[in-house]
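Okay, thanks for coming, everyone. Let me put the model up on the screen and then walk you through it.

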Amino acid sequence: MNTELLKRVVIREARPEDDAAIGELLVEAFVTQYAQKLPEVEYTEARKQSLRDTASKRAVAKVLVAELEGRVVGTVALWPPGAPGSEAWLPGAADLRHLATAVEFHGQGLSTPLMEAAELLAREWGVPAICLHVRRGAAGVARMYQRRGFSREPTADLDTPSVYLEAYVLRFQA
C-alpha cells in the first residue's frame, strides 16, 4: 500500500464531467486485469459501451471517484436498495459494482479508500448489507473483498450465458 499516494487522494461523488474518464478507466482496468489473469475472458463492444455509460449509472446509483491531482484514478458504484439494475438479492441491501483503479495504480491500495467510502455510504443509508458479484476465477478480487469482511454466498450466484458470477455479502450489525 502506498500511504504517500493515499494521502493525496480525494474520494468524492462523481460529476457529469467525470463520466468519460470513469468509463475509460473501467474499460482499461477491466480489460487489462482480465487479460492478465483470465485470458479467456473477452470484452465485447457492447460490454465496453455498458462500462462507459456512467451517466446511466449515476441516474440510479451513487458513483464515487478517487481523484488525484485533478485526475480520476479510481471508481466504485453503489446501488441503493430497490434501484433499477440492482443485483442485490437480500431485502433492503445495497449492490456494489464497478470497483476499479487506473492500471498504473494497481496494487497501491487505491481500492481501500473507495471501499471505505462505499461502506460508509451504505451504513448512512441504513442498509443491512452490501451485496456484490465477482467473476468466477477472479480469485485475487474475491480475496480482497473477503479481507474486508465479505463472505461467500453461493445461493446468490448468477449463471448467465456469458459469465458465471459468484456472490459475496457484507452484513452490518443491527
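Let's start with charges: the protein has 21 positive and 23 negative ones, and their mean positions lie 3 Å apart. For the bookkeeping, Lys and Arg count as positive and Asp and Glu as negative, with His and the chain ends not counted. Each charge is placed at NZ of Lys, CZ of Arg, CG of Asp or CD of Glu.

Quick caveats. This is a predicted model, where local features need pLDDT of at least 70 and side-chain atom pairs count only at pLDDT 80 or more, while totals for chains, interfaces and linings use all residues. Residues are numbered from 1 along each chain as its sequence is written, and side-chain values use heavy atoms, with hydrogens and water left out.

Now the fold. We've got 6 helices and 8 strands, taken as DSSP runs (helices are H or I, at least four residues; strands are E, at least two) and numbered from the N terminus. Going along the sequence, the order reads α-β-α-α-α-β-β-β-α-β-α-β-β-β. The radius of gyration is 15 Å, close to the 16 Å that the globule rule gives for 174 residues, so the protein is as compact as a globular protein of that length. That radius is over C-alpha atoms, and the rule is 2.2 Å times the number of residues to the power 0.38. The C-alpha box along the principal axes is roughly 40 × 40 × 30 Å.

What about the inside? Of the 174 residues, 48% count as buried, meaning under 20% relative accessible area, with exposed over 50% and partly exposed in between (1.4 Å probe, protein chains only). The largest nonpolar core has 50 residues, and Leu96, Leu110, Ile130, Val134, Tyr145 and Phe150 touch the most other members. Such a core is a set of buried Ala, Val, Leu, Ile, Met, Phe, Trp, Tyr and Cys residues joined through side-chain atoms within 4.5 Å.

Which residues does Glu119 contact, beyond its neighbours within four places in sequence? Those are Ile130, Arg148, Phe150, Leu170 and Phe172, where contact means heavy atoms within 4.5 Å. Glu119 sits in helix H5 (residues 111-125) and counts as buried because its relative accessibility is 10%.

Last one: Asp53, in the loop between helix H3 (45-52) and helix H4 (54-60). With 29% relative accessibility, Asp53 counts as partly exposed. Its C-alpha is 9.8 Å from that of Glu24, 29 residues apart along the chain.
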